[in-house]
Structure formats: structure tokens, C-alpha cells
Amino acid sequence: MRYTRRQLVQRGLALGMGLALGNRVRAQREALRIGVALPYSGVYAQLGEDITNGMLLYFEEVKNQAGGRPIQLIREDETADPAVALRKVTKLVEQDRVDLLTGLVSTASAYAVRDYVHNTRNVLFVSNAGGNALTRDRKSPYIFRTSFTSWQVSFPLGRWVAERVAKRVAIVAADYAFGRESVAAFKESFLAAGGQVVDEVYTPLGSTDYSAAITRLVRVRPQAVYGFLAGSDAAIFLKQYAQFGLKGSVPLTTTGFTVEEDVIQAVGRDAEGAYSSLHWAVRLAIPENLRFVQAYQRRFNRVPSVYSMQGYDTARVIVEAVNALKGEVANKEKLVEALEGVRFRGPRGLFEFDPKTHQVVQNIYVRQVRDVGGGLANAVVADLGRVRDPG
Amino acid sequence: MEFYALVVLNGLAYAALLFLLASGLSLVYGVGRVLHLAHGGFFMLGGYLGYTLYQRLGEFWWALLLVPFLAVVVGLGAERLVRLVYGPDRALEQVLFTFGLAFVIADLTRLLWGAQVLGVPAPPQLNRPLILGSFFYPLYPLFLIGVGAAVALGLWALLRFTPFGVQVRAAAGRPSMAEALGVPTKTVLQRTYLLGVALAALGGFLGAPRIALAPGLDFTMLILSLIVVVVGGLGSVAGALYGALLVGLADSLGQAFFPRFSLALVFLAMLFVLAYRPEGLTGGRR
């Protein structure tokens, strides 16, 4: 093992101190090593940063201690590439010997590491990737998901739209697994509630122009549009939706990420009025959330996103389970049992795992982008109640 | 019928942006035989610089005016570096060098502006649809089509009627003869480079109200502009224009009728052109 000069000095000093003080200083317990595999470069870099900041905030609140052990984070950039994700997770386990794993923004990455994590019985907390299969036929007792499934956030919205917004809807979505799953879940409850889908347009990920898709939507004269797009795709779509003059006349309903705070920052007024369903809102008026949003803003000088919130809750899940076990996490069966019992009120409301699927059971909220005291933000307009993915 | 008109207008607006980007790429290649792979980077940089100017000044038009100047300032520095690899038989070095420059620009913009998605709103005068009876279409893309046409005309006039244009055509056609006749090819190349960079940055900012600013935009646009110049014929402005129109319209038609394969359609169009006109639509001058 090679030491850098600084490490050498630090360790030398520590050794000297230890010798000088003798047995009076109780040896500190070995650090709890948490491997974090998130994208820190590429299109999902901001998500990786937000999740990490959320985790850091919670760990700092508990003085970087869990079950009497200091917490040590080992970060790896998985670049949202499945092959890289698997390599980095393998490295975290085999080389860094981490006790726990967390991260994964893209569903493809989560699927890529699933078998390795399952077969080596490492506990993984998925802090974003929302593909349904990880809760269904590819679930693992060692994988806990603190974020959402595409079904969980989109299914409740369909019925609400049919009852409250419009019955004739056109659909636009990004052409990849999560987009298609979201649309399927939306349609499931929307059609059951008497809705009618007049057209469906799927656009390639990373498109730079949506006017053709919007032109197609206009042609069928829908009463409302349902969409799922994220990141820059969403920003471009919303701008062009407004430029076509549809913003005021054809209500836009979406799965939350399409008009999450990051997108609102980018497009401003063009997002105003859009409805979305999600498991959190920055303006969710419960004390736990107000405290979280304030603390986050003070620490990072930024408004937290839903991803920050997921990082924060993931950190809390880890700390609560490790506390319950007094730091002994080597026995995986006991760890899983302790995790199944984790239950708390966090920024999103009541947080608990479904013991059958290890997926979080949570409230889903309908939000609308509104001008609230000087700035645009998502205000909660309806609480659709607790939603459990059927698995 | 209306639907097809909309699809064509979308394609033209997209073509206008592609033309701004690709004309510079093509000119620089024509004059200096340098394939400038950092061009997409300047497109993105123009968008980000414009974003900051817009935030500071609060006025779209001022930002639009200043972006090309700022880009030229940055371009002056970049040209000093790219100059190191000028030369007829240094293609590999040029590709590596300018591609490296593209990464440097990408990381610098990331450092300065972060990874979050940013946007510039369309100016209020243009942020509404044009309504003609039952037909309506957003004004901003119409404005883009106008700018694209104006720049195409301006470039044509510049190359056709000005001394600079004569020098550019001379340096592009017969570089050694031009040099022998006293055309300062290095200076001509520098000016062409700056012109190309300014156009790319202008395109980046003009595109910002339609395209989101986020990491990765540079390489997406670079690939599209490479398709444009390959289809049109490397080295000529007219080629860039035809290429941009073909790619823009192919993309728009693809998005409207089979959105899943719109990019494939663009490549298919390229394949057809190359199969029948291997030197591109304008034939190239070799």
C-alpha cells in the first residue's frame, strides 16, 4: 500500500498521539464504508450531485455516525452507462470492501448490477432508477429502493386526469423503457376511468426539436396532453409547447420529472400551469419537509430537487438500520430484517418499505407549477394517498 | 395540407440552425483543410455566453448582438492553438487536437455553468404563435428561418463580391498558387476561422430558446453538422446550405411520421447521397 505524504503525516501523528495517550483513548470503531455509484459526468451529472448532496446533508446532521461507527463514503462515477456501473460496483465491493452499496440513476445501470449484487448478497439501496422490473420479476431481497417505480408515480395520475382534467388526451413520451412504462401505467388507470387516448408519439431520447411531435399532437385536437420527458428533453419540449401557443389552451399533465424544479429553472414561465404527479414537492407543507428544504438551502445554497430528497432519505434509511443493529452489519439476513422495519416521517411524508418487494410505499401528490410569492414552483393541488407498487 | 406545411416549416427552422453551424465548419475546411471538431463546442459556448449575457442585461437582442463578439475573442485564443497543427498532411494531428479542444470546451462550460439544464426564453415579441385563419405557427422558428436565409445571402455576397471573398476562394481552390500570388493564406484562414466561430456561437444562442443548454449538446450538434457537410460537400457554403436543408427536412419528416427512426432517416438520406454523389451534393473541389 502506498501512502501520500499527507496520509503519512496524518497517520504518523495519530500513531504518536495513540502511543502518548496510551489506553486512555478508546480505539474508534472501524468506519462504516458506503459505496456510492452515481453519475458525476454526462447528462445525469446534476442528478448524481443532488443525490450526493442530500446524503451528505443527512450524514452531517447525525455527525457522520451510525451505530457508533464513523461513516465513510467512497464515490464512483458510473456515468449512467450499464457496463461502467457494473465495473464500478464490482470495484467498490472487491477492492474497497464496502459494507453497503447505494446509487444508480438510470434503470439500465440498476438492471446491469442487479445479478452481481444479488448473487454476492450485498445490500444495495437504489436511490433513483425507477424501472418496474426491479420490484417485480427482477426483485432481490438485498435490493431496497428508496425512490419510486414508474408505475408508482404514473398510475395514480391517469384516473385523476380523467376525472378532473379531460377525457380526450394525446400522449408524448421519451422512447425508452421508463417512458413506455410510465405511459402504460398512466393509460391503465386513465382508460379504466373512461378516458380516451387519441394519439401516442414516442420521441428519441436527447431530441433537439419537438415541433414535429407537437404538430402531430395539435392535429388530433386533444383536450389535454399527457407527457413523460426528462432533463433537457423536457426543457425543449416545454419551450416549444409554449411557442406553439398551447400552454394556456391545452392543459399539460405529466409524470413529475418533466416539470421538476431543475426543468422549471431552465424554462421559467413556459412551464407555468403544468400538472404533474410525484412522490414529493418542494412546497409540500409538512414540517419535516420545511426543515429539510431550509437546511438544504443553507448548506448548498440551492433549492433541493426530488433527487436531493431521495439522497437524504436513503442516508436516513442506512443510519436508522445501522443504529438498530448497533453497527453490526456483517450478518446480511439481520440487516435485511432491520431495514424492513425502518419507518419514519421524512420530507415526503411517511416512509416505509413494502416487506414483499423492498420498494418504498409512499404518498403520491399532484402538483401544479404556479407563481408562488415571486418565483415559480410546484404547489401541491391534490394528495392521491399512499401508493404501493403491486409487485 | 396544413400539417405538411407545419412539418416543412419545422424542418426549415432546424435547417437554419444547422446551416449557421455547418457553414463555418465547411469554410474552415475549404480554406485550411482543417476539420474543426471543436465547432460543436463553440455552438454550445455561444449558447452559454448568451445565457449569461441575457441574465445580466435582461434583453435578448443585446445578448444576440454581443455573443458573436465574445465568441471571436475566445476564437482568437483558440485559433492560436489550432494554428499549431495547420498543414496539408497533418490530418490525424488535427483531428486529435481539435477533438481534444472540444473536450476542453465541454469541461470548461461544465465548470463555469454547471451540469443543470439552462434555458433562454424567446424574446417577448416572438414568444407567441402567428395565426392565419385556422393555421397557426410559432413566430420564433419563422424568425430563425429568416436569420438563416439572411446569413446565407450575406455569406454568398461576402464570398462573391468582396476582396476577402476572392482571397477565400483563391486559398480554397489553389492554395499554393494563391500564396505565390501574394494572398496571405494564413491570415485568410484566421479570419475564416473567426467567422466560422462567430456563426457557430450565433447559432448556439439563437438555438437556445428552442434547444436546452446542457452537457452533451456540443457533440450532438457536432455530429449533425458533420453529416450536413458530408452530404453537402466539404468546403463549400452552398454545400452546407443544401446539406442543412436536406438534414433538417429529413429530420422533421422523420419526427412527424416515424419518430422512433428519425435519426436513422437522416443517416439514410446521407447514405443515398453518398452512394450517388460520393463528393456530396455540390461535388467538392479537389
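Trainee: In which sense do strand E1 and strand E2 of chain B pair?
Mentor: A word on ground rules: this is a predicted model, where local features need pLDDT of at least 70, side-chain atom pairs count only at pLDDT 80 or more, and totals for chains, interfaces and linings use all residues. Residues are numbered from 1 along each chain as its sequence is written, chains are lettered from A and ligands numbered from 1 in the order written, and side-chain values use heavy atoms, with hydrogens and water left out. Strands (E, at least two residues) and helices (H or I, at least four) are DSSP runs numbered from the N terminus, and two strands pair if DSSP finds at least two bridges between them. E1(B), residues 129-132, and E2(B), residues 135-138, have 4 bridges, and their sense is antiparallel.

Trainee: Which residue of the hairpin of E1(B) and E2(B) takes a positive phi?
Mentor: Across the pair, B:Ile131 stands opposite B:Phe136. The hairpin has 2 residues between the strands, and the positive phi, near 65 degrees, belongs to B:Gly133.

Trainee: How do H5(B) and H8(B) run relative to each other?
Mentor: Helix H5 (residues 139-161) and helix H8 (residues 185-207) of chain B have axes 12 Å apart and pack at about 170 degrees. Axes are lines fitted to C-alpha atoms, for helices over the stretch in contact, with angles from 0 to 180 degrees between N-to-C directions. Angles under 35 degrees count as roughly parallel, over 145 as roughly antiparallel, 65 to 115 as roughly perpendicular and the rest as oblique. H5(B) is therefore, relative to H8(B), roughly antiparallel.

Trainee: Which residues of H8(B) does H5(B) meet?
Mentor: Contact means heavy atoms within 4.5 Å. From H5(B), the residues involved include B:Phe143, B:Val147 and B:Leu155. Their partners in H8(B) are B:Leu195, B:Leu199 and B:Leu206.

Trainee: And how does H5(B) lie relative to H6(B)?
Mentor: H5(B) packs against helix H6 (residues 163-173) of chain B at about 80 degrees, with the axes 5 Å apart. That angle makes H5(B), relative to H6(B), roughly perpendicular.

Trainee: Turning to chain A, which are the edge strands of the open sheet?
Mentor: The sheet has 6 strands in the order E2-E3-E1-E4-E5-E6, with mixed pairing. Within it, E4(A) and E5(A) run parallel, joined by 3 bridges. An edge strand here pairs on one side only, and these are E2(A) and E6(A).

Trainee: How many salt bridges are there between chain B and chain A?
Mentor: The contact takes 36 residues from chain B and 34 residues from chain A. A salt bridge is a side-chain nitrogen of Lys or Arg within 4 Å of a carboxyl oxygen of Asp or Glu. Between these chains the count is 0.
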